[in-house]
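Welcome! Let us take a short walk through this structure together, stopping at a few places along the way.

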Amino acid sequence: MNEIKLIAIDIDGTLVNSKKEITPAVKKAVLAARDEGKQIVICTGRPLSGAQRYLDELGLNKQDNEYVVSFNGAVVESTNGQVIFKQGLKYDDYIDLEAIARKLNLHFHSVSLDRIYTANRDLGHYTIYNSRVVKLEVSYRTQEEMRHIPLIKCMYIDDPDYLDSKITSPLFQKMKDRVVFSKTEPFYYEATAAGVDKGTGLRRLCDYLKIAPQNVMALGDQANDAPMLEYAGVGVAMGNAVDYTKEHADAVTADCDHDGVALAINKFAK
């Protein structure tokens with residue numbers, strides 16, 4: 001097996017357990033890998049602010065050479081906020097994505113680097129939840145007021161069964177040449193710019209760091225993690241991963257409540 005030089009780790013359902021905590025075993029394994037000189041990279045759908053708590057806990061923001069792939073690959077940046085790559089959505093994409101939400105009666109919001117925006121005064125439950133998780137404030141803006149706000153991604157957020165019943169709509173199919181859709185949580189369906197996903201984000205970072213894909217291990221659980229698992233020389237799905245992600249992985253480890261990340265690092269990255 002090739003030497004693992006970089007370990008890419010999703011946050012929710014992967015790095016953290018169901019209580020949103022890093023278990024002692026996972027923390028120990030991640031810190032040991034970092035001390036051995038391996039690059040630890042958080043790859044998340046969250047913005048940098050939403051990853052900060054865990055970067056602090058792991059001490060991954062104290063040096064100039066620590067990086068995060070955020071917003072599902074739409075932003076690649078250092079942990080001190082130096083942006084290496086950014087690809088946002090066009091205003092026309094936002095308008096058409098928001099119109100789908102109104103036609104299908106789905107809750108919807110859009111996200112910039114530092115704020116969540118909604119055109120619906122009746123804030124959805126999951127918008128409030130997302131705001132708390134990613135540490136971004138929510139602002140109401142009309143569609144016209146959004147014209148000059150640089151957006152990174154849009155999100156359909158609703159009860160899982162209801163959301164699943166809507167995302168098969170032909171309205172989404174018509175947008176697939178303009179944006180990338182990905183299921184990131186049972187209650188999130190996200191849209192990023194065409195050609196953007198965690199796999200392309202991780203590739204851009206590895207190209208920047210001059211690390212070959214065969215020297216990369218990636219770990220994740222949701223469908224949006226599959227592209228980076230495919231890119232990496234060793235793609236590891238969590239035991240709690242959705243079937244789609246497991247099908248695109250080289251191996252499956254234990255779930256996030258049973259130290260799956262630690263087991264994978266100790267098995268494949270030693």
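Which helix gives the largest share of the lining of the largest pocket? It is helix H4 (residues 91-104), with three residues. Before going further, please keep in mind that this is a predicted model, where local features need pLDDT of at least 70, side-chain atom pairs count only at pLDDT 80 or more, and totals for chains, interfaces and linings use all residues. Residues are numbered from 1 along each chain as its sequence is written, and side-chain values use heavy atoms, with hydrogens and water left out.

Helices (H or I, at least four residues) and strands (E, at least two) are DSSP runs, numbered from the N terminus. A pocket, on a 1 Å grid over the protein atoms alone, is an open set of points where a 1.4 Å probe fits, with protein on both sides within 12 Å along at least five of seven lines; its lining residues have an atom within 4 Å of a point.

The largest pocket holds about 220 Å³ of space, a volume being the space filled by probe spheres set on the grid points, which are joined across faces, edges and corners. It has 17 lining residues, and Ala-101, Leu-106, His-107, Phe-108 and Asn-120 are the closest to its centre. Six of the lining residues are nonpolar, seven polar and four charged. Here Ala, Val, Leu, Ile, Met, Phe, Trp, Tyr, Cys and Pro count as nonpolar, Asp, Glu, Lys and Arg as charged, and the others, Gly among them, as polar.

Now move to the second largest pocket, with about 180 Å³ of space. Phe-181, Ser-182, Ala-223, Asn-224 and Pro-227 lie nearest its centre, among 17 lining residues. Strand E10 (179-185) supplies the largest share, four residues, while strand E11 (188-193) and helix H9 (226-231) each give at least two.

In the loop between helix H7 (170-173) and E10 you will find Arg-178. Why does Arg-178 count as partly exposed? Because its relative accessibility is 28%, and partly exposed lies between buried (under 20%) and exposed (over 50%), using a 1.4 Å probe and protein chains only. Leaving aside neighbours within four places in sequence, Arg-178 is in contact (heavy atoms within 4.5 Å) with Asp-92, Asp-93, Asp-96, Ala-193 and Ala-194. The C-alpha atoms of Arg-178 and Ala-193 are separated by 6.9 Å, although these residues sit 15 apart along the chain.
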